[in-house]
Amino acid sequence: MKTQGHVFKYPDNVDTDVIIPARYLNTADANELAKHCMEDIDAGFVSQVRPGDVMVAGWNFGCGSSREHAPLVIKTCGTGCVIAKSFARIFYRNAINIGLPILECEAAADEIQAGDRVSVDFDTGLIRDLTTGKTYQAEPFPEFIQAIIQKGGLLASLAEV
Amino acid sequence: MGMTMTQKILAAHAGLPSVTPGQLIRADLDMVLGNDITTPVAINEFTKAGFHQIFDKDKIAIVLDHFVPNKDIKAAQQSKQCREFACAHCVSHFYDVGKMGIEHALLPEQGVVTAGDCIIGADSHTCTYGALGAFSTGVGSTDMAAGMATGQAWFKVPAAINFRLTGALPPACSGKDVILTIIGKIGVDGALYKSMEFTGEGVASLTMDDRLCICNMAIEAGAKNGIFPVDEITRAYLEGRGQRPAVVYEADPDAVYDQVIDVDLSAIVPTVACPHLPENTRPAAELADVKIDQVVIGSCTNGRMEDMEAAYKILKDHPVAPGVRCIIIPATMAIYRQCVERGYVTAFIDAGAVVSTPTCGPCLGGYMGILAAGETCIATTNRNFVGRMGHVDSKVYLSSPATAAASAVTGYITAPKEV
């Protein structure tokens, strides 16, 4: 799985309330919800994001609520991958379960700048900043988790058993 | 290698003699929980994956609590979907308006969860039940769907931080001041992926309501779970309440912890988390110049009987300051009823507060107390992120019920002993 696109850069502790504010959670419709992705900290995100674009953030991305709507709206907006220094554990789990590619890489999160063009190979963890020419290696997922992702998410992996 | 209390519960539920941190396991679940926001997504996933049956009608709990009584048509549709699913699958622990409460106050109160359980819930504050000596953690809706279908979940066995408690809390402080102090010290990712295990002689001085509040906010330090040992206070709480037998697990004497942090309860002061992170803590006494527009006393963190009592003790003799809106939300119908019977509701109304039926409502900016631009609220809730309770330019300060009630009286953030 690969993605290539422009970078949207965010700070540490991006919480699920700013990814998708709870005031919109009276629906489970992903397309409806996606219209409000990131609007409380980046009102321009939804109109500017293009398929394959990449979010790059600091520590503890996705902290707060367990709402699966958070990784779901990021994915529905067309985001190809989220790179962060670390992820909050429920967001990490949800992203795997719904098939949103995520990678943890401190150096990439420090050095890649907003607007850079990057390519990400999710299978190998190789991140390439095409604007600066630098490459970064993220830790690949454990096999157990790769198996879930390759089967298309948690429920698809269970259905196969 | 010795195991922590969390590791022992996980090993037992995975059918393994022992587990080590980082190990991936599949564990049997004693309870799978969802609410009116997360359950609809879970039902959609459950159906889409082609499942037709739930694994055990007695081990699934669906609680309508976030937006009920329904705040609008869309919320009503979501509640209806939960109601129909619960009915079609004969879910035993389905709680609708009239019987419901905020899930993490309700399930312990009703004995739906107990010591030794392995529990997942599609709500991040599911970590609350660690107060009873259970392993309990928040997950997403897809995990809930898989749990409902199979009765199992995968886990990475967590490492642990041992919080050794000594002493006893001063009268003006409660569990909320303890957990805010701890989060202020270790940060919002200070326990990321780990369990927070509370041990030491200080445990005995904490009431069950204190412990439920402390474990509730383990997620605010990034933790997978928080957990207390089972003692006389736990046994007294579970007595006559548990619908299933409690199983007591103890950490091995040689259990390995990543870190040991000593907490002297007698040194805790009334503490407030300033916008916009729960780690931005300061003593309440240093925030006396912060003027407030609204006070919220309630939520899964602090809507229990002792919280209502703390608010009552202050508001019975002091009216809410002019220009301040004070919203009090008992967390369950049983607590609500007790507030009526004890005369608390009358006292709250006489003081100028409003009393709502149980709902998560304002905590997550749903309804029943949304903030306008530029407004400030002190709340006994658990998160003060940007826009959490309303407009992106509003501010939320987190505190104990006593500090919130004292602040309602003065109109400024106020430590309880000053009222």
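Is Asp262(B) buried, partly exposed or exposed? At 46% relative accessibility, Asp262(B) counts as partly exposed. Good morning, colleagues. Please bear in mind throughout that the structure is a predicted model.

A second salt bridge in chain B joins Asp117(B) to Arg244(B), and here the closest N and O atoms are 2.7 Å apart. Both residues sit in loops: Asp117(B) between α4 (103-109) and β5 (118-121), and Arg244(B) between α8 (232-238) and β11 (259-264), 127 residues apart. Asp117(B) has a relative accessible area of 3% and is therefore buried.

Arg282(B) is partly exposed at 37% relative accessibility, and Glu286(B) is partly exposed at 46%. There is also a network, in which salt bridges with shared partners join Asp17(A), Arg67(A) and Arg388(B). Over all chains, the structure holds 26 salt bridges.

I turn now to the interface. How many residues of chain B are in contact with chain A? The count is 50 residues of chain B, which are in contact with 39 residues of chain A. The area buried between the two chains is about 3600 Å², and carbon and sulfur atoms give 60% of that area. On the side of chain B, Thr142(B), Trp154(B) and Tyr193(B) lose the most area to chain A, together 18% of what that side buries.

As for polar features, the rule finds 19 residue pairs in polar contact across the interface, both residues being at pLDDT 80 or more. The elements of chain B that give two or more residues to this side include α2 (38-48), α3 (73-88) and α5 (141-150). The largest share, six residues, comes from α5(B). By class, this side of chain B has 25 nonpolar, 14 polar and eleven charged residues. Two salt bridges are found across the interface. In one salt bridge, Arg93(A) pairs with Asp143(B), the closest N and O atoms being 2.6 Å apart.

Next, the aromatic residues. The structure holds 14 aromatic pairs over all chains. For Phe144(A) and Trp154(B), the ring centres are 5.6 Å apart and the planes lie at 65°, so the pair is edge-to-face. Phe144(A) lies in helix α7 (residues 143-150) of chain A and Trp154(B) in strand β7 of chain B, so this pair joins two chains. Phe144(A) is partly exposed at 29% relative accessibility, whereas Trp154(B) is buried at 4%.

Within chain B, Phe135(B) and Phe155(B) form an edge-to-face pair, at 5.3 Å centre to centre and 85° between the planes. Phe135(B) lies in strand β6 and Phe155(B) in strand β7, so the pair ties together parts that are 20 residues apart in sequence. Both of these phenylalanines are buried. In chain A, ring pairs link Phe61(A), Phe87(A) and Phe91(A) into a cluster.

Finally, I would draw your attention to Ile83(A), in strand β3 (residues 81-84) of chain A. Ile83(A) is buried, with a relative accessible area of 0%. Leaving aside residues up to four places away in sequence, Ile83(A) touches several residues, among them Val54(A), Leu103(A), Cys105(A) and Ile127(A).

How values were computed:
Residues are numbered from 1 along each chain as its sequence is written. Chains are lettered from A and ligands numbered from 1 in the order in which they are written. This is a predicted model: local features need pLDDT of at least 70, side-chain atom pairs count only at pLDDT 80 or more; totals for chains, interfaces and linings use all residues. Side-chain values use heavy atoms; hydrogens and water are left out. Contact means heavy atoms within 4.5 Å. Buried area is the accessible area (1.4 Å probe) that two parts lose on being put together, summed over both. A salt bridge is a side-chain nitrogen of Lys or Arg within 4 Å of a carboxyl oxygen of Asp or Glu. A polar contact is a pair of N or O atoms within 3.5 Å; within protein, one must be able to donate a hydrogen and the other to accept it, and residues adjacent in sequence count only if both atoms are side-chain atoms. Helices (H or I, at least four residues) and strands (E, at least two) are DSSP runs, numbered from the N terminus. Ala, Val, Leu, Ile, Met, Phe, Trp, Tyr, Cys and Pro count as nonpolar, Asp, Glu, Lys and Arg as charged, and the others, Gly among them, as polar. Rings of Phe, Tyr and Trp (its six-membered ring) pair if their centres lie within 6.5 Å; planes under 30 degrees apart count as stacked, over 60 as edge-to-face and the rest as tilted. Buried means under 20% relative accessible area, exposed over 50%, partly exposed in between (1.4 Å probe, protein chains only).
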